[in-house]
Structure formats: C-alpha cells, structure tokens
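Biologist: Before we look at any single feature, could you take me through how such a model is to be read, beginning with the terms?

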Amino acid sequence: MTEAAPPLAGVIGWPVGHSRSPRLHGYWLARYGIAGYYIPMAVAPGDLAAALAAQRQLGFRGTNVTIPHKEEALALASEVTAAAEVIGAANTLVHLPEGGFRADNTDGLGFLANLRQEAPAWIPQSGPALVLGAGGAARGVVWALLEAGVPEIRLANRSRARALALRDSFGPRVVALDWAEAQDAVAGAALIVNTTSVGMGGQGDPPVSLDRAESGALVTDIVYTPLVTPLLAAAQARGLTTVDGLGMLLHQAAPGFEAWFGRKPEVDAELRAAVLAP
Ligand code: ATR
C-alpha cells in the first residue's frame, strides 16, 4: 500500500444494510475533515476469513464486525482484548502491521460511557444493578458493570440456563434469578437495565413493573427503536432518571474510529441528530 492511500475501515455483517455505523463514522470523517472511507460489506456466513484477508490486501486499517460474525472474528484473531475474551465475541478489529488482527469488544465500555455521560450522578458502587436478559448484549453490559465496581448484579432471564451461564462466566457478584423473580429484584436496585428485545418497536408492556423501584433508581434500555421504550416511558412517568440506548451505539463506535482514523471522536447532540435523521 502506498503512504498516500486514504484510510479505510468498515463494517462486515450479513445482512449489513440496516447498520447505522456507516452514517455514524461518515459523520465523524466529515466533521474532522479526514479523507477516509467507512464501507458496509455484506459477507456471508463462512466467508469472514477470506473477507478479512481481502481487507488486509486492500490496506484496510480495520473493521467492525456484526451478526453473524462476532464469535468467529474472535476465533480468527491473533490478539484478543480482555473484554472480548470474557464477553466471548468481538465487534472491533484492528489489522496489525506484523500480520493478523487484534479483536476487541467495545459494547460494554460503550454502555458504560453512555451512562456516565447521560447520568453523571450515578455511582456504580452505590447499589445493586438489575439486568434483564442474558443474551450477547447482556454479556457486555455485565462485564462493564463489574469493571465499574457495581457490588451486585441481579440477572434475570426468561430462560434460566442462560442466566446461569453468565453467572458461571462472571462469578459470585452475579446472582442468577428466574424471570418471575425480576419483579422483586426491582426493589433496592440502584440501576435497572433492559437488554432483552422486549419493547422493541415500542409496543407492549415493559419487561418489568417499576412500582417498587427506588426513587433514586436509574433506568436504561439498550433498545433504541424507539428512543423511549415502554420501560423508559414507565420510568419517566414515575419521575425516575432514564438513559436511552442510542448513546451506547454511538460510544461503542468511538474506539474503532480512533484506532483507524487517528482521532478521538466526540459523542454529542450533533452526532445523535445525524444518526437519527431519516
Ligand atoms: P442480544 O445479542 O441483543 O442480547 P439475543 O442473544 O438474541 O440478542 O438475546 C435476546 C434476549 O432477549 C435474551 O435474554 C432473551 O431471553 P431468552 O434467553 O430466554 O431467549 C430475551 N427475550 C427475547 N424475547 C423475550 C420475551 N418475550 N420475554 C422475555 N425475554 C425475552
């Protein structure tokens, strides 16, 4: 590759057309006047290794990977960050000069950065967190909350086996609950997080009633379609502090942008508006 080649990065997924990442990175590239490109790449299951080799050949600095490639990316990596290792999936890859690539998972840190920015009064050590759901997204959230110093995570999932699997990965600060127990676990929780798909599209009841929530509880949802999910609407009706899920998407993108394009990007209202624009 020549020195003058513009920096390239992108997102690999299947499908990839719905991804908001090209718009997000495109906005930052324009804002900072960087003559780089961030490209969506539709790569079928099983073709990831070939696609990454082609990227290297073409001089790509790195790439995001999304469904269904997040686990395989981890398996193919020559370096794996602690976060990606424990979460069991990668979303941000950086091609290394000596060959191979480093795999990171920025979902958890993105979740945390969003909470810190939007609810600066929240203190992780202040009390237990109730996390609803035990899927891929929940793993990143649980990892980040433990890193931040949350003393106890009450983890409730519809299928108990997945909640138990998370507890086994993350240790005794995670308490696995049956889905029916989530209701009782609302009481005393300093933070309530929905990582399930319940509320996507804005229809239906919240995954849990907030009748017994503490008045100081912070409530957040990683679903951002709509921005105000049934859970966040219920929280706002009770006067609780809420943080929507869009910021997690924006913050998880920042480490990749910095690694590929050499500038730490800002997450602010202008970026939100650019990503939300129809
Ligand atoms: P993601 O990567 O976004 O976490 P996922 O791995 O498919 O996606 O996980 C979806 C989560 O939403 C799971 O916790 C799932 O519960 P199960 O493990 O029991 O499937 C949860 N979920 C989806 N629909 C739900 C519903 N109707 N009620 C309760 N939980 C639901």
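Modeller: Let us begin with burial, where a residue counts as buried under 20% relative accessible area, as exposed over 50%, and as partly exposed in between, with a 1.4 Å probe and protein chains only. By that rule G171, at 19% relative accessibility, counts as buried. The model is a predicted one, in which local features need pLDDT of at least 70 and side-chain atom pairs count only at pLDDT 80 or more, while totals for chains, interfaces and linings use all residues. Residues are numbered from 1 along each chain as its sequence is written, and side-chain values use heavy atoms, with hydrogens and water left out.

Biologist: Where is G171 placed?

Modeller: Helices (H or I, at least four residues) and strands (E, at least two) are DSSP runs numbered from the N terminus. G171 is in the loop between α7 and β9 (174-178), and its C-alpha atom is separated by 36 Å from that of P97, 74 residues apart along the chain.

Biologist: Is L166 buried or exposed, and which helix holds L166?

Modeller: L166 lies in helix α7, which covers residues 160-170, and it counts as buried because its relative accessible area is 1%. From R116 it is 50 residues apart in sequence and 24 Å apart in space, C-alpha to C-alpha.

Biologist: With which side chain does T229 make a polar contact?

Modeller: A polar contact is a pair of N or O atoms within 3.5 Å; within protein, one must be able to donate a hydrogen and the other to accept it, and residues adjacent in sequence count only if both atoms are side-chain atoms. In this model the side chain of T229 makes such a contact with the side chain of D221, at 2.7 Å. T229 itself is in the loop between β11 (218-221) and α9 (230-237), and with 0% relative accessibility it counts as buried.

Biologist: How many residues surround the ligand?

Modeller: A residue is near a molecule if one of its heavy atoms lies within 4 Å of it. The ligand is surrounded by 13 residues, of which the closest are A134, N157, R158, S159 and R162. As for polar atoms, a side-chain atom of R158 lies 2.8 Å from an oxygen atom of the ligand, a side-chain atom of R162 lies 2.9 Å from an oxygen atom of the ligand, and a polar backbone atom of A134 is 3.0 Å from a ligand oxygen. Taken alone the ligand exposes 650 Å², and the protein buries 66% of that, with accessible areas coming from the Shrake-Rupley method and a 1.4 Å probe.

Biologist: Which peptide bonds are cis, and what is omega for the bond from W14 to P15?

Modeller: The bond from W14 to P15 is cis, with omega near 5°, and a cis peptide bond also joins I67 and P68, where omega is about 5°. P15 is found in the loop between β1 (8-13) and α1 (21-31), whereas P68 is in the loop between β3 (62-65) and α3 (70-76). P15 counts as exposed because its relative accessible area is 55%, and its C-alpha atom is separated by 6.1 Å from that of A42, 27 residues apart along the chain.

Biologist: Is P207 buried or exposed?

Modeller: P207 is buried, with a relative accessible area of 16%, and it is found in the loop between β10 (191-194) and β11.
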